[in-house]
Amino acid sequence: MSEMRPIRTGGSLLERAAAIYDFQAELRGGAPISAPVPASDPNPVPLPLNVEVEAVARARAPSPAAYSVRRNFEQRGRAALIDRGLLAEQGLIVPGAAIGALAEEFRLVKRQLLLTARAVKAAEGDRSRTILVCSANPNEGKTYCSLNLALSMAAERDTEILLVDADFAKPDVMERLGLVEGPGLLDALANPAINVEDCVIHTNIPQLSLLPAGTKSNQDTELLASDRTPALLQQLLDADPRRIVIFDSPPALAASPAATLALHVGQIMLVVRADKTSEGDLREAVGLLDGCAHIQLVLNSVAYAPGGRRFGSYYGLEEPQ
C-alpha cells in the first residue's frame with residue numbers, strides 16, 4: 001500500500017489528487033505516499049490513501065420505494081433487521097452480494113485503516129480501535145463512506161463493528177438503514193444512570209451494531225468535552241476486545257463536535273469530495289482535527305472514463321479457454 005507506483009499517462013487518481021491539492025512535489029521526490037508533509041509547511045495537509053475510491057456519494061434522500069421498505073421493516077426488541085434491498089437502492093455495500101467495484105475499493109480503504117490501527121496500538125492502546133469519519137463541509141459523502149466502511153469492516157473475521165451516529169444536529173445513520181431512532185450516545189453522556197451498552201442496537205448483519213445519536217441537545221459539544229466521555233468510550237471498547245468503534249461525525253467546518261471527538265479517537269478518515277472540497281477548506285479542517293495525530297484522506301465522488309480500469313470487474317471475467 002505504501003509503495004510508490006509509476007505515474008501513468010491518462011491521469012490516475014493520485015495524479016488527479018496531486019493536481020487538486022498540489023502534492024506534485026512529494027510525488028516527484030519519490031517519497032512514500034504515506035510520508036508526512038515537511039515540517040516547514042505551516043499548514044500541513046496529509047496525503048491521500050493510496051487507494052481508489054469510487055464512492056459516488058448518494059447524498060439524496062431515499063426514494064419513496066425506500067420509505068416503503070422502511071415502513072415494513074421489523075425491529076424486535078433491540079435487534080434490528082436491515083433490509084438488504086434498501087442498502088442496494090442507496091448504493092451501499094450489500095453483505096453477501098457479488099463483489100463489485102465499491103466493495104473492492106472499500107476493502108482497500110479498510111485495510112489501510114486496520115494497518116494504521118495496528119501500528120499505533122503500542123502508543124495509543126485501546127484508542128487505536130476508534131475511527132472518526134469526517135468531512136470538511138456538508139454533502140461531501142461522509143455518512144455514505146461511514147456506512148460503507150462499517151459494512152466492509154463487519155465482513156472481517158476477527159472484528160465486531162459498532163457504528164456510532166455522532167452527527168448530533170443531523171443524525172442520518174439510522175434512517176439510511178431503515179431503522180428508527182432511539183436512546184443513544186447523547187443520552188448516556190447526559191445521564192450517568194444510563195448504561196451506554198443498553199443503547200447499542202444489534203442488527204441482522206453479522207458483527208455490525210449501531211449506536212444512535214440520542215436525544216438532541218444544545219450542549220452536545222459540552223457533553224463530549226466532559227470527563228464522562230473518555231470513560232464512556234472506554235466502556236464501549238471494554239465490552240468486546242474485538243470491537244472497532246466508527247464515529248460518523250458532523251462536518252468539521254460546520255459543527256464543533258468533530259474537533260472535540262478528534263481528541264478521543266485513534267485515527268480520522270477525512271472524506272474529500274473530488275469535485276467540491278477546496279484546498280483551503282481541507283487545510284482548515286485538518287487544522288481543526290489536529291487533536292488526532294493520524295489523519296488519512298479518502299477521495300470521494302471520482303469520475304471514471306468509459307472503458308477505464310475498475311475494481312471488481314475481475315471477479316466477473318471468465319478464464320480464456
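Predicted model: local features only at pLDDT ≥ 70, side-chain atom pairs only at ≥ 80, totals over all residues.

Q: Which residue in E8 is the bridge partner of Val133?
A: In E8, Val133 is partnered by Met269. Residues are numbered from 1 along each chain as its sequence is written, and side-chain values use heavy atoms, with hydrogens and water left out.

Q: How many bridges pair E3 with E8, and in which sense?
A: There are five bridges between strand E3 (residues 130–135) and E8, in the parallel sense. Two strands count as paired if DSSP finds at least two bridges between them.

Q: And how many bridges join E8 to E9?
A: Six, and those two strands run parallel. Val272 is opposite Leu299 in E9. The chain gets from E8 to E9 through H12, in a right-handed β-α-β crossover. Right-handed means that, with the strands pointing away from you, the path from the first strand over the helix to the second runs clockwise.

Q: Is E8 mostly covered or exposed?
A: Mostly covered: of the seven residues in E8 (267–273), seven are buried. Buried means under 20% relative accessible area, exposed is over 50%, and partly exposed is in between, using a 1.4 Å probe and protein chains only. Gln267, Met269, Val271 and Arg273 point one way from E8, whereas Ile268, Leu270 and Val272 point the other way. In a regular strand the side chains alternate between the two faces of the sheet.

Q: What about H12, which residues are buried there?
A: Leu282, Ala285 and Val286. They line one face of H12, because they fall within an arc of 100 degrees seen down its axis. That arc is taken from the directions from the helix axis to the C-beta atoms.

Q: Switching topic: where is Cys292?
A: Cys292 lies in the loop between helix H12 (279–288) and strand E9 (295–300).

Q: Buried or exposed, and why?
A: Cys292 counts as buried because its relative accessibility is 4%.

Q: What does Cys292 touch?
A: Not counting residues up to four places away in sequence, Cys292 touches Ala262, Val265, Gly266, Gln267 and Ile268. A contact here is heavy atoms within 4.5 Å. Cys292 and Leu132 are 160 residues apart in sequence, yet their C-alpha atoms are 9.5 Å apart in space.

Conventions
Helix = DSSP H or I, 4+ residues; strand = E, 2+ residues; numbered from the N terminus.
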